[in-house]
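Work through the exercises below with the sequence and the structure at hand. Each task is followed by a solution in steps.

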Amino acid sequence: MTKILRKPNLVLTTLFILLLNSSLFAKSDEGHDGAVDTKDEVGEYILHHIKDAHDFHLFSYTDSHGERKHVGFPLPVIVWSSKGLTTFMSSKFHHDDSGHQIVEANGTRFVKLHSKIYELEEGAEAISFDETHHPTNAHKVLDFSITKSVFGILLVGLLMFIWFAGLARQYKKKQIPTGFGRVLEPLVLYVRDEIARPNIGEKRYREFTGYLLTVFFFIWILNLLGLTPLGFNVTGQLAVTAALAIFTLIIYTFKGNKGYWGHMLWMPGVPYLIRPVLAIIEVAGAFLIKPFSLLVRLFANISAGHIVVMSLIAIMVTMKSEMGAVGATSLSFVLSFFITLIEVLVAFLQAYIFTMLSALFIGMAVEEHDHH
Amino acid sequence: MEQLLNDFSPGLFVMQTVLLIGLIFLLVKFAWKPILNSLEDREKGIQDALDAAESAKKEMQNITADSESLLKEARAERESLLKEARELKEKILADAKEEAQKEGDKMIAKAQATIESEKKAAVADIKAQVATLSIDIAEKVIKDELSNKSKQQKLVDDMLGDIKLN
Amino acid sequence: MTVPNLVGAGLIVIGAGIGLGKIGGSAMEGIARQPEATGKIQTAMIIIAALLEGLAFGALFLGK
């Protein structure tokens, strides 16, 4: 046992599998049968997938009684409603995502609609919609649930902590790491020597390397996790990428030196009349365009990647009638195989670009300007 | 745009921010700092080792150069010593020869001088003896001859003739 | 998605495609001319491509 405990990765994986097994639950779906067959259903399924989810759904099947079973495990819902903090398990929604399953908790009623939790207003018995399918008698609540994305973030955070704290521990005993540390060390060196050092400069790169390393591995591992059949789409959530981009924004805003602000607000070396105009452009660039481009790029690339891969996989369903089962499946397999290879590259590239641009922006803010 | 804003979940944003702050804090404290420190230490160690090897190489070169110059010096020293010795030998030989020559000359001169003085003494002695003998003879002859006047005269003449011979 | 939206998206993609092509082509030319500067050229290329990508995505989402 002690020998096993010394290998944290193994323990983590085992725990994960145990968790899956112990909390597997199969429940029949009460709405439509949930099978994904038509083009519309495929489209809906894909759009549903790229959103966050309140339960961890692995796969569904139809059992011998013709009942649709979903396999996965529920995650806790934590919402800030009009009656204060309310928690319950997402299994209470019974996989309903259309707003029909009402959950009563803490004296308020909740429904789930398109992966969002709504609070029904006082006295409302069922959700009603206007003509654009917006609910009329319910409003969104602040949702701090351990959603699938938060679960992914926690998982990756734990993994990163185990890996890198383990690597750090290895250095105490020996100069050169062994085992998995041998894979991690060149990556750490890569981020330090290829991203942080050339973009921030020899003098100050040390203080930002920690942030850049964290962000790089966080995004990369989550991107790769998104390519596994677990179906995470964490870096494809606008909220996650926005938080990452705002971190970078805060760092380069607060660490910016006198020269940076001087060049932004009162650009030296240009006629005085142009300076205020330039200042407006520069301020917009620093506070809007830079973070916006960071957050949108990551979000769009990962979401688009997921949509493309899933669409190509769906070819085996949608093209079955035209090409036959074998033809559709092989076409789908070949196309999705190659696009997945490209997505593996994109997963790294997006992590690299996000880190690289963060380093570049930080470098621009802390570089020493020569006096004009 | 509207749909995107609709999809944006403030709750997830808050969770992500909180978790990311925690993750950055934990990783910086427990992973990145020690990792980067030990990486830098290792790089410094490697650099130091390289520098040390370089300086050792240089030292080695210096030592080789030193020993070579020492060897050269020693060789020159030996060379000069030998030369000196040879010169000394020659000088000594020459000196000895000269001395011997001188001594010999001196001895020869001394011997010659002695011979000369001996000869002179001998000659003087002989002269004295001859004189004494002559006187004795003369006395006897005179004694003998003086009985006869003519004989006396003849004797004196003869003797005078004899003396002239010497 | 309405027709004008789709046309706009197409225009954005055409523009971005031309831009990316120019960046990539110039970078290849640069690398062919100076193979020893490959790393630097690649970095610069990726940064510019990323900026262009950000612009294109921004436009696409504004139109969505």
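**Exercise 1.** Which residue forms a salt bridge with B:Lys44, and how far apart are the closest N and O atoms?

Solution. The model is a predicted one, and side-chain atom pairs count only at pLDDT 80 or more.
- Step 1. The partner of B:Lys44 is B:Asp48, with the closest N and O atoms 4.0 Å apart. The cut-off for a salt bridge is a nitrogen of Lys or Arg within 4 Å of a carboxyl oxygen of Asp or Glu.
- Step 2. Both residues belong to helix H2 of chain B, and because they are four residues apart, about one helical turn separates them.
- Step 3. B:Lys44 has a relative accessibility of 54% and therefore counts as exposed. B:Asp48, at 42%, is partly exposed.

**Exercise 2.** Find the salt bridge between C:Glu29 and C:Arg33. How many residues apart are the two in helix H1 of chain C?

Solution. 
- Step 1. The closest N and O atoms of C:Glu29 and C:Arg33 lie 3.8 Å apart.
- Step 2. The two are four residues apart in helix H1 (residues 3-33) of chain C, so about one helical turn lies between them.
- Step 3. C:Arg33 is exposed, its relative accessible area being 65%.
- Step 4. Elsewhere, salt bridges with shared partners link A:Arg192, A:Asp193, A:Arg197, A:Glu202 and B:Glu43 into one network.

**Exercise 3.** Take A:Arg192 and B:Glu43, whose side chains meet in a salt bridge. In which helices do they lie, and is A:Arg192 buried or exposed?

Solution. 
- Step 1. The N to O distance of this salt bridge is 2.8 Å.
- Step 2. A:Arg192 sits in helix H5 (residues 181-200) of chain A and B:Glu43 in helix H2 (residues 10-145) of chain B, so the pair joins two chains.
- Step 3. A:Arg192 is buried, because its relative accessible area is 0%; the cut-off for buried is under 20%. B:Glu43 is partly exposed at 30%.
- Step 4. Over all chains, a search of the whole structure gives twelve salt bridges.

**Exercise 4.** Describe the contact between chain C and chain A. How many residues does each chain contribute?

Solution. 
- Step 1. Chain C supplies ten residues and chain A supplies 14 residues.
- Step 2. About 990 Å² is buried between the two chains, and carbon and sulfur atoms give 81% of that area.
- Step 3. One salt bridge is found across this interface. Its side chains are those of A:Arg297 and C:Glu53, at 3.3 Å from N to O.
- Step 4. Three residue pairs are in polar contact across the interface of chain C and chain A. On the side of chain C that touches chain A, the residues are six nonpolar, three polar and one charged.

**Exercise 5.** Is A:Gly226 buried or exposed, and which helix holds A:Gly226?

Solution. 
- Step 1. A:Gly226 is part of helix H6 (residues 205-227) of chain A.
- Step 2. Its relative accessibility is 11%, so A:Gly226 counts as buried.
- Step 3. Apart from neighbours within four places in sequence, A:Gly226 contacts A:Phe232 and A:His306.

Notes
Residues numbered from 1 in each chain as written. Chains lettered and ligands numbered in written order. Predicted model: local features only at pLDDT ≥ 70, side-chain atom pairs only at ≥ 80, totals over all residues. Heavy atoms only, no water. Contact = heavy atoms within 4.5 Å. Buried area = accessible area lost by both parts, 1.4 Å probe. Polar contact = N/O pair within 3.5 Å; in protein donor to acceptor, adjacent residues only side chain to side chain. Nonpolar A, V, L, I, M, F, W, Y, C, P; charged D, E, K, R; others polar. Buried < 20%, exposed > 50% of the residue type's maximum accessible area, 1.4 Å probe, protein only.
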